[in-house]
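Colleague: I have not worked with this structure before. Could we go through it by question and answer?

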Amino acid sequence: MKWFKYSLLVLVCCLEAQTTSSINGYVRDDATGEPISYANVFLANTSLGAATNQDGYFVITKVPLGPYKINASMMGYGIYNEEIMLFEGMPIRLDIRLKEEAIQTEEVLVTAERQKFQRSMESSQISLDLREINSAPAFVEPDIFRTLQMLPGVQTTSDFSSALYVRGSTPDQNLIMLDGISIYNPYHLGGIFSTFNTDAIKEADFHAGGFPARYGGRMGAILNVINREGNTQKITGMANLSLISSKGLLEGPIPKWNGLKGSWMISGRRTYFDTVINALKIPIGQKSDGSDVYMEFPYYFYDYQVKVNVDLNSEHRLTYSRFYGDDVLDFSWDDSEQTSNSNVNIQSDFSTRINWPWGNHTNGLTWRWIVSPEVVAKTFYSNSRYRFDFDLSFQDRNTYTYADSTMTYFTNFNFEIYDIIKDNTLETEVSWKATENQEVTSGFQIKNIDFDLGMVFKIIDQDTSITYTPLSLKNNTREVSFFLQDKWDASDKLKIQAGIRATDYNLHDNIYLDPRLALKYHYSDNVALKLNWGHYHQFLTTANGQDENLRLVELWLGIPEDKPASFSQHIIAGAEYMAPNNIFYRLEVYQKDFENLLTLKQDNPTTVDEENPEATPFNEFWDTDAESRGIEFLIKKSSGRLNGWVGYTYAETEYYTPPSGWHPPNFDRTHTLNIVGNIELTTDLEISSALTKSTGNPYTKILGRAYSWQQNLNSDTYWIPHDTYIVGEKNTERYDGYFRVDVGITRKGGNLFGLEYDTYWQIMNLTRHLNTLSYTYRTKTDPFTGNQLGVERRPIPMFPLILTFGIKFEF
């Protein structure tokens with residue numbers, strides 16, 4: 001009897017395989033060949049259909065044999081129609097091209113936002129395309145990080161920083177990727193700009209929390225910036241000139257040869273203040289020998305990106321991606337002086353130099369293999385190098401020339417602090433569309449990271465050479481991870497996504513398991529309820545001060561052998577509503593708990609030395625715990641002449657360190673309201689605006705000043721005065737509330753010698769509101785009596801009113 005049942009089951013499966021087939025392929029922009037994400041592909045007069053993924057790929061499985069009319073649609077594009085015939089054992093592969101046009105039809109089109117609403121399982125996830133990234137007024141030029149800071153749950157410490165503090169997490173807890181490659185310091189100009197050239201970006205995928213099992217190694221947020229693939233039809237380009245930088249982009253097809261085809265894209269950017277100022281030769285003084293001294297601007301940054309796609313055939317594609325970006329501060333000063341008398345001639349030479357490069361260098365190669373219409377495999381290898389190398393040197397040389405001899409005395413001093421990271425990663429991911437209602441994804445990752453953090457002092461003279469190395473941390477870490485994820489439509493209303501990630505960290509003996517679970521219940525066609533829960537471990541950290549308002553660079557190191565991996569638990573519950581007019585509403589409540597964090601030791605005594613603050617070592621940490629909770633609300637409209645979003649966040653974050661107890665971190669803001677709007681007044685004129693209003697950031701209050709005497713036996717004055725400030729409990733005070741309004745105007749449709757161009761103007765802090773970065777303190781003195789009256793403070797402001805403009809060419 002059992003034999004009969006098994007035979008019947010096999011027979012049914014065979015009959016089904018013979019009576020059904022599949023349809024798969026890609027949906028692309030007809031003009032450029034760029035893949036279109038979340039396009040709707042469906043068979044007319046049936047319930048069968050699918051949405052494209054990030055690569056523009058779709059698959060419709062178990063389609064009965066016979067004739068069909070396949071349709072593809074996307075807001076902003078015309079509808080694609082094609083008659084097809086499915087035969088036994090012959091799956092159909094389609095290359096669908098959509099043309100941009102104003103759609104005149106009565107059919108209901110499914111927009112990308114609605115597709116995301118229907119398909120997305122993760123809470124706190126949002127994708128921004130280039131138009132949305134550019135929708136917020138920018139400081140000098142559009143910036144993906146500045147746009148993300150306008151979303152709910154994302155905070156910052158000041159106007160001068162584009163770093164992302166997400167739901168209580170610090171920037172080092174965020175996984176920042178460019179085409180899947182980890183970027184360790186994604187900033188230019190000390191954090192004012194991100195390293196990503198927005199002209200080259202296709203879209204940005206951002207997860208504020210609750211991200212799936214395919215992502216590991218971080219416990220804060222995920223940002224994957226996807227660059228455009230390049231135009232497959234013709235060579236095109238653009239150039240952009242702003243007040244501080246110029247950038248350009250070229251893209252085009254690879255000539256077809258032996259069945260190979262593909263595309264390429266290259267973009268670059270560089271600041272030019274140094275070139276312009278140095279060329280002007282503005283005199284500012286003279287040296288000792290009477291020669292002129294000219295003004296020099298010692299800083300610049302640059303970056304370039306390359307992406308090449310090669311389709312070997314219809315199943316195999318290779319993609320090469322490269323990024324190179326550096327900030328360089330190069331300053332030198334040389335002077336000389338000659339003196340003489342009847343006995344000796346003295347030649348004195350002095351020189352000072354600062355050489356400080358820092359930046360990222362990445363390479364990545366991806367092999368995509370469509371094993372079958374239902375199975376897609378990706379194998380990815382990348383290397384990412386982050387370098388920070390500050391080198392300060394002084395040289396003093398004196399040459400004494402006598403009638404019968406010459407003597408030289410010199411002293412060379414050199415100080416160097418460096419941090420070098422080399423990341424080599426190999427990973428494979430396989431996606432299997434098991435059934436119409438189930439998709440299984442699995443893969444592994446091997447990540448080798450070399451850390452080299454050090455500090456060196458060198459003093460050399462004609463007699464001795466002294467080298468002192470107070471800091472030298474070298475280690476090699478390896479993370480070997482495996483993940484498995486199952487996405488299952490349990491019913492028409494309930495969807496479940498369960499996954500687990502297992503990681504072996506070579507400096508620890510145990511295996512770290514990170515289970516993840518996502519539930520989504522469609523209460524109706526337009527309303528969905530979501531619940532996400534997950535465990536997350538992190539195996540690296542930064543040696544940055546916890547109270548810094550300006551994070552110029554990040555000093556990375558692996559979690560030491562004697563410290564456990566940092567851990568976080570995410571719990572997120574939310575409700576989403578997609579209105580019939582495609583306005584998206586989202587309400588979320590979250591709780592994040594952190595354990596085993598490492599905080600650079602910074603004592604919080606009741607007094608702080610006014611003139612000689614205590615130095616902070618880079619290799620001593622407090623064991624730290626933290627918790628964060630909040631409520632977020634988002635309204636987002638992505639289409640139409642008026643688009644943008646409104647976001648509100650109520651958040652509470654507390655960190656615990658032994659000297660300070662529980663306290664809010666310096667980036668905590670209880671209430672934050674962000675409004676971003678973009679309106680197309682005419683086909684040639686757009687106005688964008690952004691408003692931010694929030695609670696002020698916390699700080700530690702100075703309560704007063706202590707005046708004491710210290711004995712000094714090595715001086716003629718045995719007793720000398722000593723001043724200290726008396727401070728309160730850590731971060732119990734807050735700066736005044738933050739408020740800023742920015743406005744941008746873009747004028748399109750210009751033409752110069754046949755080149756189309758747009759001009760744009762940006763006004764930052766239109767209301768000239770004083771937002772406080774920090775306070776400076778000094779002793780208040782009576783000018784008539786000289787008596788000390790206490791401590792007075794003055795605010796250090798953030799951005800004043802700033803007007804910038806630029807021009808963008810396309811060809």
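Colleague: Which residue in the turn between β34 and β35 has a positive phi?

Modeller: This is a predicted model, where local features need pLDDT of at least 70, side-chain atom pairs count only at pLDDT 80 or more, and totals for chains, interfaces and linings use all residues. Residues are numbered from 1 along each chain as its sequence is written, and side-chain values use heavy atoms, with hydrogens and water left out. Strands here are DSSP runs of E with at least two residues, and helices are runs of H or I with at least four, both numbered from the N terminus. β34 and β35 make a hairpin with four residues between them, and the turn residue with a positive phi, about 65 degrees, is Asn582.

Colleague: How many bridges pair β34 with β35?

Modeller: Two strands count as paired if DSSP finds at least two bridges between them. Ala575 has Leu587 in β35 as its bridge partner. β34 covers residues 566-578 and β35 covers residues 583-600, and their antiparallel pairing has a bridge count of 12.

Colleague: Which residue of β37 stands opposite Tyr585?

Modeller: β35 is also joined to β37, residues 621-637, by 16 bridges, and the two run antiparallel. In β37, the residue opposite Tyr585 is Ile635.

Colleague: Why is one side of β3 and of β6 left without a neighbour in the sheet?

Modeller: The open sheet has four strands in the order β3-β2-β5-β6, paired antiparallel. β3 (49-51) and β6 (80-86) stand at the edges, so one side of each has no neighbour in the sheet, as each has a single partner strand.

Colleague: Which residue in β6 stands opposite Lys69?

Modeller: β5, residues 66-73, runs antiparallel to β6 and is joined to it by seven bridges. Opposite Lys69, the residue in β6 is Glu83.

Colleague: What radius of gyration does the protein chain have?

Modeller: The radius is taken over C-alpha atoms, and the globule rule is 2.2 Å times the number of residues to the power 0.38. For 811 residues, a compact globule would have a radius near 28 Å; the value for the protein chain agrees with this, at 31 Å.

Colleague: What percentage of the residues count as buried?

Modeller: Buried means under 20% relative accessible area, exposed over 50%, and partly exposed in between, with a 1.4 Å probe and protein chains only. Of the 811 residues of the protein chain, the buried share is 50%.

Colleague: How many strands does the protein chain have?

Modeller: The C-alpha atoms fill a box of roughly 110 × 60 × 55 Å along the principal axes. Along with five helices, the strand count of the protein chain is 50.
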